[in-house]
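Welcome! Take a moment to look it over before reading on.

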Amino acid sequence: HCNSKTTPVMFQILDYSLCFDSMLYEDVTNELYEAGIDDDKLSLLAKINESNDIAIKTPVGLTRRQNVENIICQGDPWGGIECSLMVDGFGKESLNKELDPYKYKGQVPIPILGMVDDIFIISESGHKAQRLNGFINAKTALKRLQFGSEKCHVMHIGKNIPDHKKIEFFVDNWKMHEVEETITNAKEEKEVFDGEEDIKEAENTKF
């Protein structure tokens, strides 16, 4: 609840597109270790993700199984936990770096919140919100994850301050692009960076 005397707040609701396809095997293993799994279970989980026999369910039955190495499977029992650890790490680091988190009733700091492949950021409106936007973009690029820009929104709660309304929020945008392999001359589509895209402001959204 915001009244005329309360500092307005900004919500940033961000979505990772195809998060499980983007997560790196090595990064996930490191996140598991940082979470306290440092015994033989870490080796077992790393081995599970090292080699995967994948088949796709189609209207006419399963395809032939294909071995895919070093990936995190979305349907795997540990997949959701591993994805959550990746996203949760951003929140923990935002507190450690003292990025001016929003404080509930001025006392309890609220970090960047993650729910599997979605992120919720609450902060005071203005430069603090912009700083957190830059932080999450930099960390997302470092982990080589990709935002689904069409599902990302910002919400301004409280009184309007002209200087705050001028601030723009963005996420990195990606698109499919046909790439030709120089050795084999084979062509395939890959996700390539396509610049920054402004996050649209919304009056309501679902997280």
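What follows is a briefing on the chain as a whole and then on one pair of packed helices.

This is a predicted model. The protein chain holds six helices and 13 strands.

**The chain overall**
- Of the 207 residues in the protein chain, 34% are buried.
- Looking at contacts in the protein chain between residues at least 6 apart in sequence, 65% join residues at least 24 apart.

**How α4 and α5 pack**
- Two packed helices are described by the angle between their axes and the distance between the axes.
- Helix α4 covers residues 79-96 and helix α5 covers residues 127-142; they pack at an angle of about 130°, and their axes lie 11 Å apart.
- Angles over 145 degrees would count as roughly antiparallel and 65 to 115 as roughly perpendicular, so α4 and α5 are oblique to each other.
- The crossing of these two helices, α4 and α5, is right-handed.

**Where they touch**
- On the α4 side, F90, E93 and S94 take part, and they meet F135, I136, K139 and T140 of α5.
- Sorted by class, this contact of α4 with α5 has three nonpolar, two polar and two charged residues.

**A closer look at α5**
- The 16 residues of α5 should span 22 Å at 1.5 Å a residue, and its end C-alpha atoms are 23 Å apart, which agrees.
- Buried residues of α5 are A129, L132, N133, F135, I136, N137, K139 and T140.
- Just after α5 comes R144, which takes a positive phi of about 60°.

Notes
Residues numbered from 1 in each chain as written. Predicted model: local features only at pLDDT ≥ 70, side-chain atom pairs only at ≥ 80, totals over all residues. Heavy atoms only, no water. Axes fitted to C-alpha atoms, helices over the stretch in contact; angles between N-to-C directions. Helix = DSSP H or I, 4+ residues; strand = E, 2+ residues; numbered from the N terminus. Parallel < 35°, antiparallel > 145°, perpendicular 65-115°, else oblique. Left-handed = near helix turned anticlockwise from the far one by under 90°. Contact = heavy atoms within 4.5 Å. Nonpolar A, V, L, I, M, F, W, Y, C, P; charged D, E, K, R; others polar. Expected span 1.5 Å × (residues − 1). Buried < 20%, exposed > 50% of the residue type's maximum accessible area, 1.4 Å probe, protein only.
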